[in-house]
Amino acid sequence: MEGHGPGRRRAIRTAAALGAAVALLTPSLLVGCADPKASDGSVRGIQRTLDARAAAVLARDEHSYLAQFAPEATQLRAEERRQFHNLAEVPFDFWEYRAAHVRRDGAQASADVELRYRITGYDSAPVISARRVELGLRDGRWYVTADRPAKDSAQQLWQQGRVRAVHGERSLVLGVDQDTARLKALAQRADRAVPAVSDAWPSRWARRVVVLVPASLEAMGALLGAPATSYRGIAAVTTGETGRAGATPADRVIVNPSAYAVLGDFGQDVVLTHETAHVATRAHTSHATPMWLSEGFADWVAYRGSGRTASQSAPELQRAVRAGDVPPALPSDDDFAFGAQPDALARAYEGGWLAAELIAERWGEKNLTTFYREVGAAKSRAGAVEKAMAEVLETTPEHFTVQWRNHLRERLGG
């Protein structure tokens with residue numbers, strides 16, 4: 001499911017509706033601005049502390065890492081020591097802090113900081129996490145005295161406990177308080193999902209996926225920077241930013257351990273394939289892409305070649321159609337909103353899937369993927385679907401809606 005804005009997140013399926021080292025360290029550059037009281041010297045000194053901390057993470061140098069924290073901040077140092085060990089199994093090839101808006105008051109300072117990191121072999125662009133860092137000056141050197149997520153920012157997995165890493169052939173599964181066998185099973189499913197998605201989506205993508213498995217629903221909410229209740233019953237979420245086509249920071253598939261566990265083998269395969277489809281299409285998904293298309297396409301990929309009937313894959317929508325309640329229009333973005341009634345949310349996903357299926361069957365799979373890319377390439381939502389339908393499918397949204405409603409009756413009305 002997608003929200004709106006620069007940090008849009010995709011939440012995927014409800015469980016009921018189913019039936020992600022040492023390396024070269026690039027010197028950090030100061031961005032943003034500084035308070036007039038923060039001299040160039042203090043700003044450079046603060047950045048040096050942050051750079052030394054980043055270098056220590058990459059070098060796995062615990063002594064140097066802890067040396068960047070104020071000696072009197074014993075609780076902070078103890079917490080940072082735990083986090084340093086928590087991330088020991090995560091293979092980073094890049095870790096950087098970028099300070100902005102430095103504010104100094106005598107021997108104290110604070111800064112808005114971007115933590116940027118990449119996982120070796122998986123991320124072509126960094127994950128970005130906003131932090132608020134406080135520092136103190138002692139003997140001419142700046143030390144970190146506090147470090148916390150910025151307002152509305154999310155936790156990182158290693159802040160929740162020791163991370164266990166399982167490497168698949170095409171996947172990396174990172175879990176906290178999870179049995180190794182469960183993480184291996186997830187890696188196997190993700191490994192199967194990657195080629196299945198590549199077969200349906202011929203455009204270039206990384207063909208690798210990172211899956212995070214927090215300890216609980218509450219921990220999942222913390223990773224997403226949102227109330228846990230928003231994700232109750234959601235089997236998995238794909239995080240990432242959308243904007244202009246081609247601007248694609250690293251994605252993570254986050255599994256809700258409780259909702260995912262109640263699914264059968266087929267349901268779990270569908271979830272991982274659906275999520276992986278979102279990762280693959282990220283570069284061609286933008287603010288212009290309606291949810292019915294992005295979610296419907298991901299479900300189409302997940303069910304493609306499965307042999308499942310429409311009755312099995314769209315039970316909620318079938319009940320509505322057989323009761324004479326054929327939707328008058330394609331699902332709106334609001335129909336995919338968190339907190340919607342499970343049956344209504346299921347109907348939105350099922351309607352999107354059948355729209356993608358209709359395009360694939362009537363215009364061909366190649367035109368479906370071309371249509372997806374063309375919509376995502378538009379500069380704004382207004383007119384994006386209309387233009388792509390005219391150029392790729394040689395139809396209009398009004399005519400397509402009529403065909404879609406007929407498709408629902410044909411597939412679900414018998």
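**Entry 1: S129**

I began with the neighbours of S129: leaving aside residues up to four places away in sequence, S129 touches V113, E114, L115, S153, A154 and Q156, where contact means heavy atoms within 4.5 Å. The model is predicted, with local features requiring pLDDT of at least 70 and side-chain atom pairs pLDDT 80 or more, whereas totals for chains, interfaces and linings use all residues. Residues are numbered from 1 along each chain as its sequence is written, and side-chain values use heavy atoms, without hydrogens and water.

I placed S129 in strand β4; strands (E, at least two residues) and helices (H or I, at least four residues) are DSSP runs numbered from the N terminus. Is S129 buried or exposed? S129 counts as buried because its relative accessibility is 2%; buried means under 20% relative accessible area, exposed over 50% and partly exposed in between, with a 1.4 Å probe and protein chains only. I also noted a polar contact between the side chains of S129 and Q156, at 3.2 Å. Such a contact is a pair of N or O atoms within 3.5 Å; within protein, one must be able to donate a hydrogen and the other to accept it, and residues adjacent in sequence count only if both atoms are side-chain atoms.

**Entry 2: the sheet containing β4**

I traced an open sheet of four strands in the order β2-β3-β4-β5, paired antiparallel; strands pair if DSSP finds at least two bridges between them. Strands β2 (92-105) and β5 (141-149) are at the edges with a single partner strand each, so one side of each has no neighbour in the sheet. Neighbouring strands are turned by 30° against each other on average, direction ignored.

Between β3 (residues 108-119) and β4 (residues 127-138) I found 10 bridges, and E114 stands opposite A130 in β4. Helix α1 (residues 40-59) lies across β2, β3, β4 and β5 and runs at about 155° to β2; axes are lines fitted to C-alpha atoms, for helices over the stretch in contact, and angles run from 0 to 180 degrees between N-to-C directions.

**Entry 3: β7**

I then asked how many residues of strand β7 (residues 171-176) are buried. Six of the six are, so β7 is largely enclosed by the rest of the structure. S171, V173 and G175 point one way from β7, and L172, L174 and V176 the other way.

On the pairing of β7, five bridges join β6 (residues 163-167) to β7 in antiparallel fashion, and these two strands form a hairpin with three residues between them. Five bridges also join β7 to β8 (residues 209-213), here running parallel, with L174 opposite L212 in β8.
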